[in-house]
Amino acid sequence: MRLGNLGGRAVLIRDARALDVEKASGGIFSSRTADILDRWSEFASWGASADYSDSVAFDEQDLGAPIPEPKQIFAIGLNYHDHAQEAGLPSPEHIIVFTKFLSSLAGPNVTVELPGETVDYETELVVVIGEKAHKIDVANGWDYVAGLSVGQDLSERTIQRRGPAAQFSLGKSFPNFSPFGPAVVSLDELPQKDGLRIGATLTGPDIDGTLVVQDGNTSDMIFSVPQIVADLSQIVTLLPGDLIFTGTAAGVGMGRGIFMKPGYRLTSTVDGIGTMTNTFVA
Ligand code: ZN
């Protein structure tokens, strides 16, 4: 099941068509994805056998953030060895956590205005929490996950590194710096949920053809999804609809000397989940 947000209404997406949740469920479920996440297991059983005959074709540009107003957004830093290496930093012993402020959250296919000359990309698997979690065990970590999605953790590196100590959150929270989608994909759709290919390509005025900039696998994460959920939950309470950006693999721009310029188009993909394309303008 793939839960999306089309023009502000919750939809199930299948074969490039969208089924309006409120209408198809006869009002049992709301048109707001936040309300649906509060009743995730009930919704998942309904969605698994939903009748798609009233689904309609749609324009991908009309997709909003699948969860438009999560209560909390977490992001994990340095969660792949090869990315820590390219950043010139040791792999962490504990999860490194920051936030991306809510106002930076956006739908999957947005245009991003560049606030500076050192904007970088980080393609990430996004975890959507489905059940309240506090002090849970790693062995049960997946039980608290509603589904997975694709996200970009866009970062203005100069702002991120400004000052005597790094402050990740601000440099990663300009408008549209947290696009995610195209949908929240439930775990039953992902038989290989611990090993998903994750990557990004870039095109632009001064780029010859299509440049593959990231090509990794989520099996290379230092802290796995259940480990991240369990570790976070030792301190905070995770709530239905919360998002966790789980870190990026190698290939980010700062390691390659590439930063986003007007006219660049970045396509981010996690196999089995989906693709999104973001365009950069001055
Ligand atoms: Zn990141």
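**Close-up 1. The charged end of K193 sits over the ring of W142.** In this predicted model, the charged end of K193 is placed 5.1 Å from the centre of the W142 ring. K100 and F245 make another pairing of this kind: the charged end of K100 sits over the F245 ring, 5.9 Å from its centre.

**Close-up 2. F29 and F43 form an edge-to-face pair.** The structure holds six aromatic pairs, and here we visit one of them, F29 with F43. The two ring centres lie 5.1 Å apart and the planes meet at 85°, so the pair counts as edge-to-face. Are F29 and F43 buried or exposed? Both are buried. The two also belong to one aromatic cluster, formed by F29, W40, F43 and W46.

**Close-up 3. F98 and F168 pair edge-to-face.** The centres of these two rings are 5.1 Å apart, and their planes stand at 70°, so this pair is edge-to-face. F98 sits in strand β6 (residues 96–99) and F168 in helix α6 (residues 168–171), so the pair ties together parts that are 70 residues apart in sequence. F168, with a relative accessible area of 22%, is partly exposed, because the buried class takes in values under 20%.

**Close-up 4. E122, E124 and D153 are the protein donors of the zinc ion.** Along the chain, the donors are spaced as E-x1-E-x28-D. E122 and E124 are both buried.

**Close-up 5. I129 is a buried residue of strand β10.** The strand spans residues 123–129. The relative accessibility of I129 is 0%, so I129 counts as buried. Which residues touch I129, leaving aside its neighbours within four places in sequence? The contacts are L37, Y144, A146, V229, L238, L239, P240, G241, D242 and I244. For a sense of distance, I129 and G47 are 82 residues apart in sequence and 17 Å apart in space, C-alpha to C-alpha.

Terms used
Residues numbered from 1 in each chain as written. Predicted model: local features only at pLDDT ≥ 70, side-chain atom pairs only at ≥ 80, totals over all residues. Heavy atoms only, no water. Phe/Tyr/Trp six-rings, centres within 6.5 Å; stacked < 30°, edge-to-face > 60°. Buried < 20%, exposed > 50% of the residue type's maximum accessible area, 1.4 Å probe, protein only. Helix = DSSP H or I, 4+ residues; strand = E, 2+ residues; numbered from the N terminus. Lys NZ or Arg CZ within 6 Å of the ring centre and 35° of its normal. Donors = N, O, S within 2.8 Å, 3.2 Å for Na, K, Ca; no water. Contact = heavy atoms within 4.5 Å.
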